[in-house]
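Thanks for coming, everyone. Please have a look at the sequence and the model on the screen before I start.

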Amino acid sequence: MTRRRWTIAVALLALGGSLATPANASDTADAADASEWQRVGTGMTGGVSGLAVIEKRGGAKKSVDLVMVRDSKKPGESRVATVRYSASGKKAPVVRELPWQGMPEPRDLEAVDSVPGQPGDYVTLTSDGTAYHFTLDPDAAVAWGSSPVPDRAAGDNYESFALTRQHGRTIAVWATRGSSGDKPSLVRAAEYDPNSGTFGPATAPVAFTVPYPLPVDGQEVRHASDIKIHADGTVLLTAASDPNVNSGPFASAVYIAGKVTSDKSGRIQVDLKSKHQLTTLASFDKEVDNRKIEAVACRRGSETGIVGTDDEDEGGSLLSLDICPGSRD
C-alpha cells in the first residue's frame, strides 16, 4: 500500500476560502462570543467525534479551518466535514459536508489528525481500530489506504488518535476509551510511515484513568475520548461520561496527561500520570453543561485550542479554550 500522489494544490485547502465557503455551505449557528458553544451539526449524525486543524501558510488568523469526522454508521451519512470556525466568535461556523471517496465508507470514525509535514494528508481511526489514510480534496475526502493499529484485539473500542513528529520520525498515539469500574483506557504508540500508511511495532499498553467525570448515576466513563500531542510531546487528553441515553446528561474534562517521547534511535516511550497527578485544564458538569467532548485540536503557535462534542440528540458543538501552551510549531 503506497500513498497516492495527488496533483491537487494543497494551498487551496487552507487559504483560498473555497474549502469552507462553497455555495452549498451552511451557517449552523448564530454568531456568538468565542467563550460560548457554537453548533456545527444537529441530531444523531451531527456530532463531532474528531478534529484536526487545516494549517494556514501565513495570512490572517481570525478564523481557523478544521477537518471534522463524525461517527456515522449507515451508508450515505456524513463521515467527514470541514468547518471554518471564528476564533473571535463574531461569525457563525461554516460547515461543509464532504463525500467519502476512494474506498468503501468506513463505519464509526472516532478520531482524526493531520500528518505532520504533509499538508492535506490525514489519518482517521474507527472504533474497531482501523486507520484510514485520506487526502483532503476541495470536494471530497479521498481515501487511499487503511491498516489496523498494532496489537488490536477483538472487543477493543477506540476513540483517540494523534500524530506527532520527533527526530525525523512520525509517531502515532492511540487509545481505547475504557469504561467505568476496572476497565482503564489503554494507550499505545508506534512509528507511522505516512507514505505507506503502515505502523511499526507498538509500545506496551499504558493503563490510564481519570478522576472526573465520575461513574455515578449510571454514567459510563470514557477515560480517553480524544488525544492530541504538543510539539514537546505533552499529551493533551479529553475524557467524557455517557449514560448511554441519547439525551444525556453528559460530563467532560480536559487534561494534561503526560508525555510521549522518542530518542534518535527511534525508541518510543509513553509516560502518563496517575489520575491523582493529572493537570485539569477544563471540566464541564453534567447538571450545568451537559456536553460530551469527543474531539480536541490545537492551532499552530497558539494557546487557543478547540474542543468538539458529540451530544447525541443535540448534535455537535465547538468551543475555544486556552488549553494548548506548547502546541506544535
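First, the ground rules. This is a predicted model, where local features need pLDDT of at least 70 and side-chain atom pairs count only at pLDDT 80 or more, while totals for chains, interfaces and linings use all residues. Residues are numbered from 1 along each chain as its sequence is written, and side-chain values use heavy atoms, with hydrogens and water left out.

Let's start with the sheet. Strands here are DSSP runs of E with at least two residues, numbered from the N terminus. Two of them pair if DSSP finds at least two bridges between them. Five strands make an open sheet, in the order β7-β11-β10-β9-β8. The pairing is mixed. Which strands stand at the edges? They are β7 (100-101) and β8 (109-114). Each has a single partner strand, so one side of each lacks a neighbour in the sheet.

Now look at β10, residues 130-137, and β11, residues 140-148. They run antiparallel to each other, over eight bridges. Y132 has its bridge partner in β11, and that partner is S146.

Next, the rings. Phe, Tyr and Trp rings, with the six-membered ring taken for Trp, pair if their centres lie within 6.5 Å; planes under 30 degrees apart are stacked, over 60 edge-to-face, and the rest tilted. How many aromatic pairs does the structure hold? Seven. One of them is W100 with Y132, edge-to-face, at 5.8 Å centre to centre and 80 degrees between the planes. W100 lies in strand β7 and Y132 in strand β10, so this pair ties together parts 32 residues apart in sequence.

Are these two buried or exposed? Buried means under 20% relative accessible area, exposed over 50%, and partly exposed in between, with a 1.4 Å probe and protein chains only. W100 is buried at 10%. Y132 is buried too, at 13%.

Then there is Y122 with F134. That pair is stacked, at 5.5 Å centre to centre and 20 degrees between the planes. Y122 lies in strand β9, residues 121-126, and F134 in strand β10, so parts twelve residues apart in sequence are tied together. Both Y122 and F134 are buried.

Strand β22, residues 293-298, is mostly covered, with six of its six residues buried. Its antiparallel pairing with strand β23, residues 304-309, runs over five bridges. Take V296: its bridge partner in β23 is V307.

Now a loop residue. H230 sits between β17 (220-229) and β18 (234-242). It is buried, at 2% relative accessibility. H230 and C324 are 94 residues apart in sequence, yet 7.6 Å apart in space, C-alpha to C-alpha.

Last stop, the second largest pocket. What residues lie nearest its centre? They are M44, D71, K73, D310 and E312, from a lining of 20 residues.

Terms used
Helices (H or I, at least four residues) and strands (E, at least two) are DSSP runs, numbered from the N terminus. On a 1 Å grid over the protein atoms alone, a cavity is a set of points where a 1.4 Å probe fits but cannot get out, and a pocket is an open set with protein on both sides within 12 Å along at least five of seven lines; lining residues have an atom within 4 Å of a point.
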